[in-house]
2 protein chains.
Amino acid sequence: MRAHDVRIALPDWVDTFVPWDRRHESAGERMALAIALSGENVARGTGGPFGAVVFDGETRHPVAVGVNLVEDARNAVLHAEIVALMLAQATIGRYTLNAPDLPPHTLVTSCEPCAMCLGAILWSGVQDLECGATREDAVRIGFDEGPVFPASYAYLSARGIRVQLGVRRADAAAVLVAYRRTGGTIYNP
Amino acid sequence: MRAHDVRIALPDWVDTFVPWDRRHESAGERMALAIALSGENVARGTGGPFGAVVFDGETRHPVAVGVNLVEDARNAVLHAEIVALMLAQATIGRYTLNAPDLPPHTLVTSCEPCAMCLGAILWSGVQDLECGATREDAVRIGFDEGPVFPASYAYLSARGIRVQLGVRRADAAAVLVAYRRTGGTIYNP
């Protein structure tokens, strides 16, 4: 059976889990939501320990969220950041979130992006990136983050994307450690 | 309207365009199909000048194909390689194309992958990568390929992915030049 299309959908629990109309003023508040999504995704058994949120820079409301769906959707592309960015673009109706008539957008991710997601962030039009757990935290439990170098982040900066690392790192990393402890699948080890 | 799912589908012309049951023995034959898809995508007005094919390494048949859908689908993630890999995984029903009970798989792309696609290739389970036009060919017409470095390809090699660059490069680059000449959108310039 040759597949001609793919439907990407969040697990059912997500919509009621997200406080769509709450202002998330600080980086810490924004990250708390991304981390909560990562933990809930594991608790519900719907995927890996990663969560991401695209925020509207003016209303400070979540525009779209993502959780890791690789295993359940049988699709290696569906990291949390990719899911959040695709849904944000679908919501806005454009292939870029950066336009003169749009507010700026921030991507908040519970873990530093892998090579694929870092590239996707560059094309997405987000103007700010906030990360929780570090590459080392992900590698420590067995995940591979791919070819991401200091020069990769410099490339984002040169394109005007502001990056903040280590936001609530301990809380974010704790979800990774708990996932490992429960025997969660480490895909692409 | 908040989007809760995204459906990714190839343009209607693709299915009849692809010779699904033809053996593609050589890298040149395989690349000819990827280039033909890139050119047809432009000619039909369904997207950017990029095509990609996942081949079964035993039957040498195409398993799945992709064309660039960024503009039409309003989704910056939908580069040709990403579309082909997602559809191949959907066809096989796994999040990796690399398993003891599966044949090896080759990804053939009409242009060297951007940073996002290079990362996706790493996670996809393909064991061979064959590229047509070079990064320089894409940059010359205004596309950005993102943070891809020699060390990025070394990372693929270290993971056992064989890479062949410059397959039918002139034919592949000609599609890019023609696209530029007709005023095609250069997204993410």
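**Exercises on a predicted two-chain model**

A rotation of 180 degrees, with 0.0 Å of shift along its axis, places chain B on chain A with an RMSD of 0.0 Å. The model is predicted: local features need pLDDT of at least 70, side-chain atom pairs count only at pLDDT 80 or more, and totals for chains, interfaces and linings use all residues. Residues are numbered from 1 along each chain as its sequence is written, and chains are lettered from A and ligands numbered from 1 in the order in which they are written.

**Exercise 1.** State how the two copies are related.

*Solution.* Step 1: two copies of a chain are related by a rotation about an axis and a shift along it. Step 2: the superposition is by least squares on the C-alpha atoms of residues with pLDDT of at least 70 in both copies. Step 3: the rotation is 180 degrees and the shift 0.0 Å; the copies are thus related as by a two-fold rotation axis.

**Exercise 2.** Describe the side of chain B that touches chain A.

*Solution.* Step 1: 46 residues of chain B are in contact (C-beta atoms, placed from the backbone, within 7 Å) with 46 residues of chain A. Step 2: the elements giving two or more residues to this side are β1, α3, α4, α5 and α7 of chain B; helices (H or I, at least four residues) and strands (E, at least two) are DSSP runs, numbered from the N terminus. Step 3: α5(B) gives the most, with eight residues. Step 4: this side of chain B divides into 28 nonpolar, eleven polar and seven charged residues.

**Exercise 3.** Determine how β1(A) is joined to β1(B).

*Solution.* Step 1: the two strands run antiparallel and are joined by five bridges. Step 2: within this arrangement, Val6(A) stands opposite Ile8(B).

**Exercise 4.** Classify the packing of α4(B) and α5(B).

*Solution.* Step 1: two packed helices are described by the angle between their axes and the distance between the axes. Step 2: α4(B) (residues 80–92) and α5(B) (residues 115–124) pack at about 20 degrees, with axes 9 Å apart. Step 3: angles under 35 degrees count as roughly parallel, and therefore α4(B) and α5(B) are roughly parallel to each other. Step 4: the contact is made by Glu81(B), Ile82(B) and Leu85(B) of α4(B) and by Cys117(B), Ala120(B), Ile121(B) and Ser124(B) of α5(B). Step 5: by class, this contact has five nonpolar, one polar and one charged residues.

Conventions:
Axes are lines fitted to C-alpha atoms, for helices over the stretch in contact, and angles run from 0 to 180 degrees between N-to-C directions. Angles under 35 degrees count as roughly parallel, over 145 as roughly antiparallel, 65 to 115 as roughly perpendicular and the rest as oblique. Two residues are in contact if their C-beta atoms, placed from the backbone, lie within 7 Å. Ala, Val, Leu, Ile, Met, Phe, Trp, Tyr, Cys and Pro count as nonpolar, Asp, Glu, Lys and Arg as charged, and the others, Gly among them, as polar. Two strands pair if DSSP finds at least two bridges between them.
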